[in-house]
Amino acid sequence: MPASTADAPKSPGRRSDKGRRSGGSKKVSYKRNYDGSVALPMGGHGGDVVVYANEAEETLLRFHEKARYCAKRGGNVGATGTLSSRMHNGFAGETIRIPVPVGTVVKRKKGTVLADLAHPGDEVIVARGGQGGISLIDVPEYRRRKAMSLSPNIMRDASDKVLIHGQPGEEVSLELILRVVADVGLVGLPNAGKSTLLSAITLARPDIADYPFTTLMPNLGRLGGDPSLGALQFSSEATLADLPGLIEGAHLGKGLGRNFLRHLRRTRVIVHVVDAAADDPVDDYKIVREELRMYNPQYLERPYVVVLNKIDLPKAQDRLSSLAFEISSIGCEECNDNNTSERNLNLNANEQNISSGAKVEGGEKELRDYPRPQAVVGASVLKHIGIDEMLKEIRAALRKCFDHRLPEP
Ligand SMILES: Nc1nc2c(ncn2[C@@H]2O[C@H](COP(=O)(O)OP(=O)(O)OP(=O)(O)O)[C@@H](O)[C@H]2O)c(=O)[nH]1
């Protein structure tokens, strides 16, 4: 809206009046719309609010401190408030851009998903700024009438001022949900050694401690490509996400539960870390697989590598081969054929399709109906034993996914 005339310097309108009265030839020429109507200057539109994915952001924690964001209002038309040919539209309010981590899902509170910002630079306008208004409050009567006859965009309000009200900007309440985007997801019971593994093969330095649930947020690390594999296979470069430990009942929300299971949705390969020195590693293994199955059966279709960790401990060392044999024979052999990566490629398309159990013809699928692990390797991620073998298997599983995407030579 034009500001009041109180602080206006000289009214150009008055000057031109004088010109007319004194018989001068000054003719006010207005800007016109394509249909010949006078283009009235408008107050600036309010700024939009945009949420965008920025690689520099890692968490959504800062939204706990500041949860309300407002874009600026649009600028006024001019100081005089009087229609003149020299009047310009008010400046549009600046768009406010809110960075969030890559992988953030933006949805209306208790409503629809607005966007899945899965790639750096993805963005969504979450609230549009209001439209600027038009006001001719202080236009002299004769010109007001003329302007009204020339422009179809004008209304009168109760106080007989001629104006179009500016529109209020949109206000929305949003929910931001972070789903980690990583090529490899590390899963396992608490204390299995997932964080230690991440720090052994990447530059990530997550908290490591001898108590469960040290990891409360997913940690990310970057696995470099292996140049010895040649240019085409350098794509074994990958992002690893160390997820907080899963416990029995996680799919129902126990422990850190569902919050973290969802992070697996966008991983291609799963690395399952088992503490080989635990009381019953096979049972531990099954518990986690079962939790994955109950949360989203598709997780079990993805290529996965089992790492039997802590083999530096005598207890683990002694039973390594029998454990490896037992674990590698849980699952269906035929399912491991080529189609694993094809199924895997559909993971994004199907990611909404979560059910509490996979139904197959003739009943519910069990662990033995899903593919066997691609490999079961023994390692001590703490003492750096078996790391090369483990990396080789992780890269092989990754290649299985990536090769599928390579263009035909
Ligand atoms: N002896 C031995 N200890 C290990 C090995 N790897 C990890 N640890 C120890 O196991 C404990 C748990 O390791 P973390 O890496 O924090 O385990 P985590 O699976 O990330 O645990 P959560 O964060 O609870 O999910 C730490 O005390 C590690 O030092 C290993 O190869 N050998």
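**Figure 1. Helices α6 and α8 run roughly parallel to each other.** This is a predicted model. Helix α6 covers residues 281-295, and helix α8 covers residues 320-328. The two pack at an angle of about 30°. Angles under 35 degrees count as roughly parallel, and α6 and α8 are therefore described that way. Their axes lie 10 Å apart. The crossing of the two helices is right-handed.

**Figure 2. Residues of α6 meet residues of α8.** On the α6 side, look for Pro-281, Val-282 and Tyr-285. On the α8 side, look for Leu-323, Glu-326 and Ile-327. This contact between α6 and α8 is made by 5 nonpolar residues, no polar ones and 1 charged one. Glu counts as charged.

**Figure 3. The length of helix α6 agrees with expectation.** Helix α6 has 15 residues. At 1.5 Å a residue, α6 should span 21 Å. The expected span uses one less than the number of residues. The end C-alpha atoms of α6 are 21 Å apart, so the two values agree. Which residues of α6 are buried? They are Pro-281, Asp-284, Tyr-285, Val-288, Arg-289, Glu-291, Leu-292, Arg-293 and Tyr-295. Two of these, Pro-281 and Tyr-285, also take part in the contact with α8.

**Figure 4. Gly-132 sits in a loop between two strands.** The strands are β5 (123-127) and β6 (134-135). Is Gly-132 buried or exposed? Gly-132 counts as buried, because 25 C-beta neighbours lie inside 10 Å. The cut-off for a buried residue is 20 or more. Leaving aside residues up to four places away in sequence, Gly-132 touches Met-42, Gly-43, Gly-44, His-45, Gly-74, Gly-90 and Gly-166.

**Figure 5. Gly-43 lies in the loop between α1 and β1.** Helix α1 spans residues 12-21. Gly-43 is buried, because it has 26 C-beta neighbours inside 10 Å. Gly-43 and Gly-132 are 89 residues apart in sequence, yet their C-alpha atoms are 4.3 Å apart in space. Gly-74 is 31 residues from Gly-43 along the chain. The C-alpha atoms of Gly-43 and Gly-74 are separated by 6.5 Å.

Figure 6. Thr-59 is placed between β1 (49-53) and α2 (62-65). A residue is exposed at 12 or fewer. Thr-59 and Leu-178 are 119 residues apart along the chain. Their C-alpha atoms are separated by 7.8 Å.

**Figure 7. Lys-110 and Lys-310 have positive phi values.** Phi of Lys-110 is near 50°. Phi of Lys-310 is about 70°. Neither residue is a glycine. Lys-110 lies in the loop between β3 (104-108) and β4 (113-117). Lys-310 lies in the loop between β14 (304-309) and α7 (314-318). Lys-110 is exposed, because it has 7 other C-beta atoms within 10 Å. Lys-310 is buried, because it has 27.

**Figure 8. The protein chain has 10 helices and 17 strands.** There are 409 residues in the chain, and 36% of them count as buried.

Methods:
Residues numbered from 1 in each chain as written. Predicted model: local features only at pLDDT ≥ 70, side-chain atom pairs only at ≥ 80, totals over all residues. Axes fitted to C-alpha atoms, helices over the stretch in contact; angles between N-to-C directions. Helix = DSSP H or I, 4+ residues; strand = E, 2+ residues; numbered from the N terminus. Parallel < 35°, antiparallel > 145°, perpendicular 65-115°, else oblique. Left-handed = near helix turned anticlockwise from the far one by under 90°. Contact = placed C-beta atoms within 7 Å.
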